[in-house]
There are 4 protein chains.
Amino acid sequence: MFFASDNAGPAHPKVLEALTIANTGYASGYGADAIMDEVRDGIRTVFEAPRAEAFLVTTGTAANSLILATMSKPWQTVFCSDVAHIHEDECNAPEFFSGGSKLTLVPSPSAKLTPDALRSAILGEENRGVHGPQRGPVSITQATEKGTIYSLEELTAVTAVAKDFGLKTHLDGARFANALVRLGCTPAEMTWKAGIDAVSFGGTKNGLLGVEAVVLFDPETAWEFELRRKRGAHLLSKHRYLSAQMRAYLADDLWLDMARMANARTDRLVAGLRNTSGIEFLFEPEANIIFFSATRGLHRKLHDGGAVYYIMSGELDGDDPEEMLTGRLVCDWSMTEDGVDEFLALFDR
Amino acid sequence: MFFASDNAGPAHPKVLEALTIANTGYASGYGADAIMDEVRDGIRTVFEAPRAEAFLVTTGTAANSLILATMSKPWQTVFCSDVAHIHEDECNAPEFFSGGSKLTLVPSPSAKLTPDALRSAILGEENRGVHGPQRGPVSITQATEKGTIYSLEELTAVTAVAKDFGLKTHLDGARFANALVRLGCTPAEMTWKAGIDAVSFGGTKNGLLGVEAVVLFDPETAWEFELRRKRGAHLLSKHRYLSAQMRAYLADDLWLDMARMANARTDRLVAGLRNTSGIEFLFEPEANIIFFSATRGLHRKLHDGGAVYYIMSGELDGDDPEEMLTGRLVCDWSMTEDGVDEFLALFDR
Amino acid sequence: MFFASDNAGPAHPKVLEALTIANTGYASGYGADAIMDEVRDGIRTVFEAPRAEAFLVTTGTAANSLILATMSKPWQTVFCSDVAHIHEDECNAPEFFSGGSKLTLVPSPSAKLTPDALRSAILGEENRGVHGPQRGPVSITQATEKGTIYSLEELTAVTAVAKDFGLKTHLDGARFANALVRLGCTPAEMTWKAGIDAVSFGGTKNGLLGVEAVVLFDPETAWEFELRRKRGAHLLSKHRYLSAQMRAYLADDLWLDMARMANARTDRLVAGLRNTSGIEFLFEPEANIIFFSATRGLHRKLHDGGAVYYIMSGELDGDDPEEMLTGRLVCDWSMTEDGVDEFLALFDR
Amino acid sequence: MFFASDNAGPAHPKVLEALTIANTGYASGYGADAIMDEVRDGIRTVFEAPRAEAFLVTTGTAANSLILATMSKPWQTVFCSDVAHIHEDECNAPEFFSGGSKLTLVPSPSAKLTPDALRSAILGEENRGVHGPQRGPVSITQATEKGTIYSLEELTAVTAVAKDFGLKTHLDGARFANALVRLGCTPAEMTWKAGIDAVSFGGTKNGLLGVEAVVLFDPETAWEFELRRKRGAHLLSKHRYLSAQMRAYLADDLWLDMARMANARTDRLVAGLRNTSGIEFLFEPEANIIFFSATRGLHRKLHDGGAVYYIMSGELDGDDPEEMLTGRLVCDWSMTEDGVDEFLALFDR
């Protein structure tokens, strides 16, 4: 009953096997390994983007920050949702890597940027000459930090606003696969065909040990990205061990299978919770992460029963058993049906 | 006959096994995994430093830059050898992480800082009020980038100069183990007992997939380091896979065994080369990395024979067969005696 | 009828005289001039703070950014009002000087931080371990960017919240004097007695050519400030010309006289406007800067009549004469009663 | 007998007058004043560069750092002499403004870059892929920090090396005028016709209160420069007072007259010193700054006699009267013949 995070579960056994297979003989370092050539080809194929460039890093924060720094100037501001991971959970990494650019937080009730709110935010900047920050790229998270998912229409409408102002777009795809299999579309449709210029293509939350691919649809930005990656100390010398993970991820659609498994368990969980009283979803659960409101008493019962998940607002150890607290449940690829059922059974105790 | 780099060989099989063993069940992320608790204890034991703090990152550049940034201020200058890795091969990462501090290059003929040269360099700064940079930490590489090794006396003499001026000291230990087993001393003797405040304790060049430990003997610097690590995007979510590597590294002295193997192969190589004409060592070979001078013709013969190593100055494909070029040979733990002998045999063809 | 800005009017003649008087013989540079000694003493006297340190820079942005950088760490966030000058009009200078810290915008309907809103914002950060930004200093503008003024009670209540969390406080006093004479209190009462740790003590908007004093009540922060000032290229070599301005500013309460003149003209203007129909104040006019709403038609009439001021929202050259646009009027020390009356007379045309 | 620095003397009375004349009525701020339009035209005329853009800042460090930041990327290195002001006396400002670029120090015995040494330094970088810093702009100081002057041929030969590698060139002209009148050439000949892309055109050391012009021969870099200037807090609101100084500087060749005065006094001083025993010039005195070696005893006699100048190496208050110490003498425009003669007379006491 471990619903704390999708980075707390194990990696897929095939990924471990891939590491062992890669661990023979010598291989050129720093991204010049032969496996990376396969990975690059694989990503181009998956994204139907033969000119795209792909790079690997070990954290989503690195992928996001390095892409945004490459896309922006330090006197600009990055537009993102007010609950964006790049704002809330990266300890100022975007500001650090960019050399001091700002984030403009766009009010996003369902964690999704809306065209109107984005347009209003963009209009609010770069209208005071050199005095205010200049407009920079737009960063979009899919699936969002709150478990909602942009439809292709919504995504395209948001990037269209960015394009109106000549701004570049970044997709934070820490849960890219979870969104993709839910939408049932292709990676191309969810990225460059929808107006996205660069993607943090997440692997870590979806069964890898720690690899994120950076996909740049504009190859002219690649060299700057490479220099920024090295300068940020994110170019691994024994790079083959990143390549091997990503090759295994793409092989035989393992990445899609794992996302489907995570989503299926989440669906089972949501269905169960809908049959339960005392629970309110704070966002429509569409991916593999659920935010729900319940009384402290109920949260305590669940925790006492052995469920592991985070309380996002308030303290579990407070006085009032009736106070409403927010809980977060995440299913990763390794979550079992039994695990879900066991958790749901706690409600009936 | 692959002598290109000690980050081109495979990881030790025990390290791969450790990953597989660690890959079960759920584990808290971001360094809160139970294996990391063991690693921390292990490092404290190895270094005889019960109050030390230890952290893991995936690259030596990250370890170096984050430590130096934690130790310094952006208006300071870091003192290092003029061939220091932090100067030559990190694409300005130290300047980036520190927010713009300088490096003062101390002339170091054998790649080792000498007390006199260091003192002279330190005296050359912080003598012009606010106009020049202020004195910052001293960074020392052991074994050096050129394969030489500080004796404990030399090391202590260098740190004593730093202490005279109240400056902190950093040890870039990308090849820590290779130096340690050569000196036959303890990790404590080569670090805090010799006046070192913080260590980049290398693992990647010595048989891991990609893990370096940061060892801070002053625990009061730990929290700032942690924040800098996160802000630098170097805190891995599925941290257990770093912890597992480092646990395996320390277990049963695997790290020392691997360094001994690398050094022994280098010794065999050096002994063979000393019996060869046409070769001149540019630095006394003391660790597992050798710089030698030879004619282009000889380098070509070796390459044509299948040897793989870097030409550090000049082009292999030049005209004059008599021009002297510098070659670099590195042995990692996985180098075999046969590999060495096969290479040496090329000279007699 | 020039109401565009208080940095558009002339400097006071006494200030020009002071420059000429200072322009004889040799003087040590970089702040070591004898006049600066007098200025330091003068500021200590004015602020009743014998241990305070004082420094001069040429822009308010430099004063603000250098103080905030000295007070904070790059992984922190600075709390300020959502209309703070440091956020809106400094082109990311605070982020630049701090090395990438964030600004957390506190909703402030009257441009004044309230204790509750500030507390809520502070509680919203530094509650996610290393993941989110850490809490940094609180920056308060007095008089605010919208022409409102904190009472001493309000000011103290805000700084008390900061103190509850151990956070430092900065006062952006670009219009310090205008607020001070309105409150009728002492500089000490409006700063350190009210819980302020450092002040950007404005001179440029109040009759100088271009000098702001930085007043640090904690002298232990002074050396870092000095290094940051030099590194920011804000230490003037012929510093005596800054010192001379500030000495003249403080002499015979010239600074207070100029602020009183600016405020008195604003009062006359406000009184006149209150007798006018078609005008609505967006903020209660308390200092020397007024924001008002009027139809495009009225704004056009005023502009056509020769009034010079900024339209802050919307375009003067739009179609609809009934659309409401925001105008901004600022009186500096040199504004005349005739200028005000002439402007008011435009309404009756 | 004040030879300490050319920023210790007074500003020219015409400059003070210009300030007073400019101090009437209202003027748009932030560089939009009408005087700046005249200054821009004046600079274009003086430099025979109708497309050049010109901006004013208050310190040479700001001019240098902002230009270099505009010309470079944070992962590059700036090539400069090993005694360059940007390296020695700007407290890491170039590294700060550029976001962490490096300076590569080119050995320059007479403080002048030579084509061979520069070429060698350039070849030493950008030859290790992403590992080392990439090649950035070349910064040249004219007149140099040691009082030597590049001939036009020397200057062109140095910039030709930069152009061979496609690198941009910056001229640090803190003593631009002193060099120019010595060479007897035109500003165009000493800048863009000699291959210079941007100039820090000094005024402060040559009779202004504190103004340096930035001249960008490539107008496409202007907007980035403007944003960097604002973000660096170097855009003055009451900009007219900078403009007025620069207008006065250019009017009737005041700037050239002042430089000729400073140089003539230096010539008189050098001629006198050549007739003196016990003095040795460390660099050929060509501009208005002299470095000389003399015994501690002689330095003491001069200081005791009332001469004011800096001892650049060693301590005046040491024991050995025969030890050789380096002194520095600077003449500014206001130095008198009597001042020089009085100083020279001290030698005969």
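How far apart do the C-alpha centres of domain 1 of chain A and domain 2 of chain A lie? They lie 28 Å apart.

## Basis of the model

This is a predicted model: local features need pLDDT of at least 70, side-chain atom pairs count only at pLDDT 80 or more, and totals for chains, interfaces and linings use all residues. Residues are numbered from 1 along each chain as its sequence is written, chains are lettered from A and ligands numbered from 1 in the order in which they are written, and side-chain values use heavy atoms, with hydrogens and water left out.

## Two domains in chain A

Chain A is assigned domain 1 (13-252) and domain 2 (255-348); such bounds come from an automatic or database domain assignment. The contact (heavy atoms within 4.5 Å) takes 27 residues from domain 1 of chain A and 19 residues from domain 2 of chain A. The two domains bury about 1900 Å² between them. Buried area is the accessible area (1.4 Å probe) that two parts lose on being put together, summed over both. Carbon and sulfur atoms give 59% of it. On the domain 1 side, Lys146(A), Val181(A) and Arg182(A) lose the most area to domain 2, together 29% of what that side buries.

The domains share one salt bridge, defined as a side-chain nitrogen of Lys or Arg within 4 Å of a carboxyl oxygen of Asp or Glu. Arg182(A) pairs with Asp267(A) in a salt bridge, with the closest N and O atoms 2.8 Å apart.

α8(A) gives the most to the domain 1 side, with six residues. Helices here are DSSP runs (H or I, at least four residues), numbered from the N terminus.

## Chain B against chain A

Each chain puts 47 residues into the contact. About 4000 Å² is buried between chain B and chain A, 59% of it from carbon and sulfur atoms. In chain B, Tyr26(B), Phe96(B) and Lys238(B) lose the most area to chain A, together 21% of what that side buries.

Zero salt bridges are counted between the chains. Polar contacts number 27 residue pairs, both at pLDDT 80 or more. Several helices of chain B each supply at least two residues to the side touching chain A, among them α1 (13-22) and α5 (93-98).

Terms used
A polar contact is a pair of N or O atoms within 3.5 Å; within protein, one must be able to donate a hydrogen and the other to accept it, and residues adjacent in sequence count only if both atoms are side-chain atoms.
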